[in-house]
Amino acid sequence: MKATVKLNERVTLMIEEQKEMETLHKAIILANYPKVCSKCNGGAVILDSNKDKEANVYVNVVCLKCGAKAKLGQYKAGGYFWHRDFEIYNKNQSAQADEVPPEFDENGQEV
Ligand SMILES: [Zn+2]
């Protein structure tokens, strides 16, 4: 089963899975990304993605008002879920490595 999911004006995904439920799962989860920041109940959010030194890829929704992020999580068994709570990542706060996607400036230097 195939599904086309339009996330925004620029990103349209084609999802194809053997099982219909898998296609439905991915299409529905990805399309229903959090659209209101739970930190500030603020305005627009954008989809964002980054990658760390170990080539782990992170997909986030970022609040344009306060900068808080909600991450796309992945189930070990396959499939996705959105963290519904937006979190503000403070560069100086220590946290588990997998909880803090590093940020890079335009020159590729970690900031
Ligand atoms: Zn916010």
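Residues are numbered from 1 along each chain as its sequence is written. Because the model is predicted, local features need pLDDT of at least 70 and side-chain atom pairs count only at pLDDT 80 or more, while totals for chains, interfaces and linings use all residues.

The chain has one helix and six strands; helices (H or I, at least four residues) and strands (E, at least two) are DSSP runs, numbered from the N terminus. Along the sequence these elements follow the pattern β-β-α-β-β-β-β.

The opening pair consists of strand S1 (residues 2–6) and S2, which pair in the antiparallel sense over five bridges. Two strands are said to pair if DSSP finds at least two bridges between them. S1 and S2 form a hairpin with five residues between them, and alanine 3 has isoleucine 15 in S2 as its bridge partner. Strand S2 (residues 12–16) is hardly covered, since the count of buried residues among its five residues is zero. A residue counts as buried if 20 or more other C-beta atoms lie within 10 Å of its own, as exposed if 12 or fewer do, and as partly exposed in between, with C-beta atoms placed from the backbone.

Five residues lie between S3 and S4 in their hairpin, and alanine 55 in the turn has a positive phi of about 70°. Strand S5 (residues 69–74) and S6 pair in the antiparallel sense over three bridges; here glycine 73 stands opposite phenylalanine 81 in S6.

The largest nonpolar core has seven residues, namely Cys37, Val45, Val61, Cys63, Ala68, Ala70 and Phe86. Such a core is a set of buried Ala, Val, Leu, Ile, Met, Phe, Trp, Tyr and Cys residues joined through C-beta atoms within 7 Å. Alanine 70, found in strand S5, is buried because 22 other C-beta atoms lie within 10 Å. Not counting residues up to four places away in sequence, the contacts of alanine 70 include Pro34, Val61 and Phe86, and those of valine 45 include Pro34, Cys37 and Val61. Two residues are in contact if their C-beta atoms, placed from the backbone, lie within 7 Å. In the chain as a whole, buried residues make up 9% of the 111 residues.

Confidence is expressed as pLDDT, the predictor's confidence in each residue, from 0 to 100. The chain averages a pLDDT of 87, and 81% of the residues score at least 70. Among the elements, S3 has the lowest mean pLDDT (94) and helix H1 (residues 20–31) the highest (97). Over residues 94–98 the pLDDT is below 50, and this stretch has one contact in the model beyond near neighbours in sequence.
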